[in-house]
Amino acid sequence: MTPRPQANSVDTPEPRAPLPMRQLDVRHAVALCVGMVVGAGIFKTSPMVAQALSGDPALLAAWGLGGLLSFIGALCFAELAAAFPDPGGDYHFLRRAYGHRLGFLFAWSRFAVIHTGSMALLAFVFGDYLAQVLDLSPWLGHHASAALAAGLIVLLTVLNLRGVRVGLGTQLGLLAVVIVALLALALGAGSQILAGQAAQAPALPGQATRHDWGMALVFVFLAYGGWSDAATLSAEMRDPQRGIVRALLWGLGLVTGLYLLANWAYLQVLGLEGLARSEAPAADLMRAAFGAPGEFLMVALVSLTALSVMNAIFIASPRTTYAAARDLAAELHLARWDPQRGTPTAAVLATGAVALALVGMGALMRAGFSTLVDYLSPVYWAFMSLSALALIVLRRREPLAPRPFRVPLYPWLPLVFAASSLYLFGASVLYVKAGALVGLLVLALGLPLLVWRRGPASA
């Protein structure tokens, strides 16, 4: 009897997931790139940079350097996204380069550190600015900002459980709000200069000794965060070779220009030392330039921006957690989807709980926003370093994979990006406080994922 032929990949090809369509031109990609990068961080990080550096030129140079290194990193991610398009982004790149176990550890870091830490620090931005016009200190003392931050997280948790979408609704709408706020800062600075009231910042004792570039760049790159997501647009560009480079060049160039403009405005009105002492520099600038109405307008714009970005993270993060839990072990509670509500209910609740705990940690350490930066930065830059090296790993491991876009000056630009990421990882450990140790400890709790053995239910 003639044996039946075995089915093979030629006879029964495996269905492939649909790939992103190449439908973006440079204009669309620039708008999306800017919208992904510019957020509420710029309204809070500048004082921390001013605390680390001495002199206006050093402050502006730090923001310019951040834009340049972000562009190099975005080029590296653009090659990875063009060669291996996948909605998972860096999660997919890390799994492909280093295996599924490290990919799961990265998913854990997003759930327990990066995404929830970002939500908590944005909640503190919201609380710090709202506290400028809503004085709760007689009842809550130093914890007024933390109470507002915690209330916002509870509200977003409830709304996402009900499937309600809060915020501006579109990325371009959020982009317009932030750009209006940044241009308002420049307008305020211009009005002060015309009125002859620009800040005169004399050198203070000890000012010349502030050269903590590591700490400064940690906060600078926090404000530039989002370019790794923007680089994944390369899989959707109509011109797969030159389109993404032009989009990133124009997009990150525009972001860098806006950030330099905002910091120039801060320096003109508040001065370096005034900026370093400010809890809400944009609100302080607008109050100095336009009085209470200007301050109220800026608080509204920044609060709306923080709310919108947080809600976007709250929509994406629980779904990432749900997908990773489903891939890891289908019997996990986090891997359950509520078909009636249309949400991963357990993942939403877990995300909100972790974010609330992080707000509590920030309140306990009485540093709020900066504590959360300390918490997430080492973990973020550790995985960013691995992502940078993944480009070199995949070039060697899969040399025949189609690469519509290739990083110029290979391997030097990927190595520069990897070196800068490792430097920022080291700086975030050396320069930041106890929050960094807590973040690394929480990441270590996910190390069992590296030796996880999936059972029948998982398969």
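Me: In which loop is P411 found?
Reply: Please keep in mind throughout that this is a predicted model. The peptide bond that leads from Y410 to P411 is cis, with omega near 0 degrees. As for its place, P411 belongs to the loop between α14 and α15 (412-430).

Me: Is L409 buried or exposed?
Reply: L409 is likewise found in the loop between α14 and α15, and its phi is near 60 degrees, a positive value in a residue other than glycine. Its relative accessibility is 61%, and the cut-off for the exposed class is over 50%. L409 therefore counts as exposed.

Me: At which residue does the kink in α14 lie?
Reply: Helix α14 covers residues 369-397, and its 29 residues reach 41 Å from the first C-alpha to the last, close to the 42 Å expected at 1.5 Å a residue. The helix is also mostly covered, with 23 of its 29 residues buried. The kink, of about 30 degrees, comes shortly before the proline P378, and the residue at which it lies is L376.

Me: With which residue does the side chain of R395 meet in a salt bridge?
Reply: R395 lies over the face of Y410, at 3.9 Å from the ring centre. Its side chain also takes part in a salt bridge, with 2.8 Å from N to O, and the partner there is E79.

Me: What distance lies between the end C-alpha atoms of α3?
Reply: Of the 28 residues of α3, 21 are buried, so this helix is largely enclosed by the rest of the structure. At 1.5 Å a residue, its 28 residues should span 40 Å, and the distance between its end C-alpha atoms agrees with that, being 42 Å.

Me: How many aromatic pairs are there, and why is the pair of F77 and W227 called edge-to-face?
Reply: Counting rings whose centres lie within 6.5 Å gives ten aromatic pairs. In the pair of F77 and W227 the ring centres are 5.5 Å apart and the planes stand at 85 degrees; since an angle over 60 is what the class requires, the pair is edge-to-face.

Me: Over the ring of which residue does the charged end of R95 sit?
Reply: Here a charge meets an aromatic ring, and the charged end of R95 is 5.2 Å from the ring centre. The ring in question is that of F104.

Me: How many salt bridges does a search of the whole structure find, and how close are the N and O atoms of D128 and K44?
Reply: The search of the whole structure finds seven salt bridges. In one of them D128 is joined to K44, and the closest N and O atoms of that pair are separated by 2.8 Å.

Me: Which residues do salt bridges with shared partners join into one network?
Reply: D128 lies in helix α5 (residues 100-130) and K44 in helix α2 (residues 42-52), so their pair ties together parts that are 84 residues apart in sequence. The side chains of E279 and K44 also meet in a salt bridge, at 3.4 Å from N to O, and because E279 lies in the loop between α11 (243-277) and α12 (281-328), this pair ties together parts that are 235 residues apart in sequence. K44 is buried, with a relative accessible area of 2%, whereas E279 counts as partly exposed at 49%. The network formed through shared partners consists of K44, D128 and E279.

Definitions and conventions. Residues are numbered from 1 along each chain as its sequence is written. This is a predicted model: local features need pLDDT of at least 70, side-chain atom pairs count only at pLDDT 80 or more; totals for chains, interfaces and linings use all residues. Side-chain values use heavy atoms; hydrogens and water are left out. Rings of Phe, Tyr and Trp (its six-membered ring) pair if their centres lie within 6.5 Å; planes under 30 degrees apart count as stacked, over 60 as edge-to-face and the rest as tilted. A charge sits over a ring if NZ of Lys or CZ of Arg is within 6 Å of the ring centre and within 35 degrees of the ring normal. Helices (H or I, at least four residues) and strands (E, at least two) are DSSP runs, numbered from the N terminus. The expected span of a helix is 1.5 Å times one less than its number of residues. The bend at a residue is the angle between axes fitted to the seven residues ending there and the seven starting there. Buried means under 20% relative accessible area, exposed over 50%, partly exposed in between (1.4 Å probe, protein chains only). A salt bridge is a side-chain nitrogen of Lys or Arg within 4 Å of a carboxyl oxygen of Asp or Glu.
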